[in-house]
Amino acid sequence: MLTFLLLICVAFVAKVELIFAPELLKQQKLFLVNYKFRNPNGWFCRFCRSIPSECPAQKIGLPPMCKLNPLFDEIILLQMKANDVAHQDELISMASYL
């Protein structure tokens, strides 16, 4: 029951952001897509490597809630850039085509 309420709350917040602050989300998406890691051993790069590539809710049998996050694709791209710092420019150029 608590998980279901959490799912509804997350979906509601994501939809409110998309409706009332689309420009803010656009700026955040551009920042995350264009971000370049300067130090592959820095704390932020290590933190981004720890981002799970699949939704943790799926692991315990719940419906995937990560796709409700409007920044989900950009966060996964950030994780991919952190895993391969040498080729992050290629990932950025590929993301700009999408």
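Phe31, Tyr35, Phe37, Trp43, Phe44 and Phe47 form one aromatic cluster. The structure is a predicted model, in which local features need pLDDT of at least 70 and side-chain atom pairs count only at pLDDT 80 or more, while totals for chains, interfaces and linings use all residues. Residues are numbered from 1 along each chain as its sequence is written, and side-chain values use heavy atoms, with hydrogens and water left out.

**Exercise 1. Determine how the rings of Phe31 and Tyr35, and those of Tyr35 and Phe37, are arranged.**

Step 1. Rings of Phe, Tyr and Trp (its six-membered ring) pair if their centres lie within 6.5 Å; planes under 30 degrees apart are stacked, over 60 edge-to-face, and the rest tilted.

Step 2. The whole structure contains six aromatic pairs. One of them joins Phe31 and Tyr35, at 5.7 Å centre to centre and 55° between the planes, and is tilted.

Step 3. For Tyr35 and Phe37 the centres are 5.1 Å apart and the planes stand at 85°, so this pair is edge-to-face.

Step 4. Accessibility is classed by relative accessible area (buried under 20%, exposed over 50%, partly exposed in between; 1.4 Å probe, protein chains only). Phe31 is exposed at 52%, Tyr35 is partly exposed at 25%, and Phe37 is buried at 6%.

**Exercise 2. Identify the salt bridge that Asp89 forms, and locate both partners.**

Step 1. The criterion is a side-chain nitrogen of Lys or Arg within 4 Å of a carboxyl oxygen of Asp or Glu. By this rule the count comes to one salt bridge.

Step 2. Asp89 pairs with Lys36, and the closest N and O atoms are 3.1 Å apart.

Step 3. Asp89 belongs to helix H6 (residues 88-97), whereas Lys36 sits in the loop between helix H2 (22-34) and helix H3 (43-49), so the contact ties together parts that are 53 residues apart in sequence. Helices here are DSSP runs (H or I, at least four residues), numbered from the N terminus.

Step 4. Both partners can be classed by accessibility: Asp89 is partly exposed at 45%, and Lys36 is partly exposed at 40%.

**Exercise 3. Characterise the lining of the second largest pocket by residue class and by helix.**

Step 1. Among the lining residues are Ile51, Pro52, Glu54, Cys66, Asn69 and Phe72.

Step 2. The lining divides into nine nonpolar residues, one polar and one charged.

Step 3. Helix H5 (residues 72-83) supplies the largest share, three residues.

Methods
Helix = DSSP H or I, 4+ residues; strand = E, 2+ residues; numbered from the N terminus. 1 Å grid on protein atoms, 1.4 Å probe; cavity = no way out; pocket = protein on both sides within 12 Å on 5 of 7 lines; lining within 4 Å. Nonpolar A, V, L, I, M, F, W, Y, C, P; charged D, E, K, R; others polar.
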